[in-house]
Amino acid sequence: MNFTRALTLLCMLVAAPFVLAASNSAVDNSAQLKQKLSETLSVEVQSLTPSPVPGLYEAITDRGVLYISQDGSKLFHGNLYDLDKGMKNLTEAALAGPRIEMIKPFEKNMLVYKAKDEKHVVTVFTDITCGYCRKLHNEMAEYNDLGITVRYLAFPRQGVPSKNANEMEAVWCAADPLQAMDDAKGGKSVPLAKCDAKIAQQYSLGQTLGVNGTPAIILEDGTMIPGYQPPAQLLQVLERN
């Protein structure tokens, strides 16, 4: 073995414990950051990974995305954009994949208006008292005719518990929930009813996914569009994705 190779091997052996220690330290630090976020903000941290900004961790929580400094002393809440990629919303991109997975367990709780010739499926967080939610619902036939299936999840804007949440539970628990939704969105009263509709859980899911108003439309790739989209415009968005 020549001197250069021997020296290289020696350096690797000396450095290895330090690399391992640094790696373990990062893992330990990650656990500490999760604990600090949970204890300080009373949030549930679902994942914690390095963010696109050096020195910041990206935490996906049950209250959306948070950014915390590596030493745990600084917190940032807001959207992170990439100026070099056309102002790409990195915060929104971080939530896209997790949204798809987090929505799946609620598929059995959705009220589904299925397109006969289905080409796309969107999930809409809705409120029966919201004006633009009613506008979207009044155009349901147009969405369906364009091949767009609309799946509703509940997001009572007054929170849970509330009169609003009880009214939405009545829709979900009706003998014919789709007809009840048609009636509620048309301004008719729906008889109060109770069942395991998981309205509170649906509302909590919306908060986790970054919903802060209705309607909020989740596309097939997990991207969220806040607000009403006319049928033809929504189809264009779906076909571009």
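Mentor: Two strands pair if DSSP finds at least two bridges between them. Strands (E, at least two residues) and helices (H or I, at least four) are DSSP runs, numbered from the N terminus. This is a predicted model: local features need pLDDT of at least 70, side-chain atom pairs count only at pLDDT 80 or more, and totals for chains, interfaces and linings use all residues. Residues are numbered from 1 along each chain as its sequence is written, and side-chain values use heavy atoms, leaving out hydrogens and water.

Trainee: OK, then how do you know that strand 7 and strand 9 pair?

Mentor: Three bridges join them, and the rule asks for at least two, so they count as a pair. They run antiparallel, with V112 standing opposite R151 in strand 9.

Trainee: What makes strand 8 and strand 9 partners, and do they run parallel or antiparallel?

Mentor: Seven bridges join those two, and they run parallel. Look at T123: its bridge partner in strand 9 is R151.

Trainee: Why are strand 7 and strand 11 said to stand at the edges?

Mentor: Start with the order. Five strands form an open sheet, 7-9-8-10-11, with mixed pairing. Strand 7 (111-113) and strand 11 each have a single partner strand, so one side of each has no neighbour in the sheet. Neighbouring strands here are turned by 25 degrees against each other on average, direction ignored.

Trainee: In which sense do strand 8 and strand 10 pair?

Mentor: Antiparallel, over three bridges. T123 turns up here too, opposite I218 in strand 10.

Trainee: What makes you say that helix 6 packs on the sheet?

Mentor: Helix 6 (residues 177-185) touches strand 7, strand 8 and strand 9. Contact here means heavy atoms within 4.5 Å. The direction of helix 6 makes about 85 degrees with that of strand 7. Helix 8 packs on the sheet as well, touching strand 8, strand 9, strand 10 and strand 11, and its direction makes about 120 degrees with that of strand 8. For those angles, axes are lines fitted to C-alpha atoms (for helices, over the stretch in contact), and angles run from 0 to 180 degrees between N-to-C directions.

Trainee: Why is strand 9 called largely enclosed?

Mentor: Seven of its seven residues are buried, so the rest of the structure largely encloses strand 9. Both faces are covered, with I148, V150, Y152 and A154 on one side and T149, R151 and L153 on the other.

Trainee: Why is the contact between D62 and R63 called a salt bridge?

Mentor: A salt bridge needs a side-chain nitrogen of Lys or Arg within 4 Å of a carboxyl oxygen of Asp or Glu. The closest N and O atoms of D62 and R63 are 3.9 Å apart, so the pair qualifies. D62 is buried, since its relative accessible area of 16% falls under the cut-off. R63, at 43%, lands in the in-between range and is partly exposed. K135 and E139 meet in a salt bridge too, at 3.5 Å, N to O. By this rule the count comes to 10 salt bridges.

Trainee: And S42, is that buried or exposed?

Mentor: Exposed, because its 63% relative accessibility is over the exposed cut-off. S42 sits in the loop between helix 1 (3-41) and strand 1 (45-50).

Trainee: What is the phi of S42?

Mentor: About 55 degrees, which is positive although S42 is not a glycine. K198 also has a positive phi, near 60 degrees, and is a residue other than glycine.

Notes: Buried < 20%, exposed > 50% of the residue type's maximum accessible area, 1.4 Å probe, protein only.
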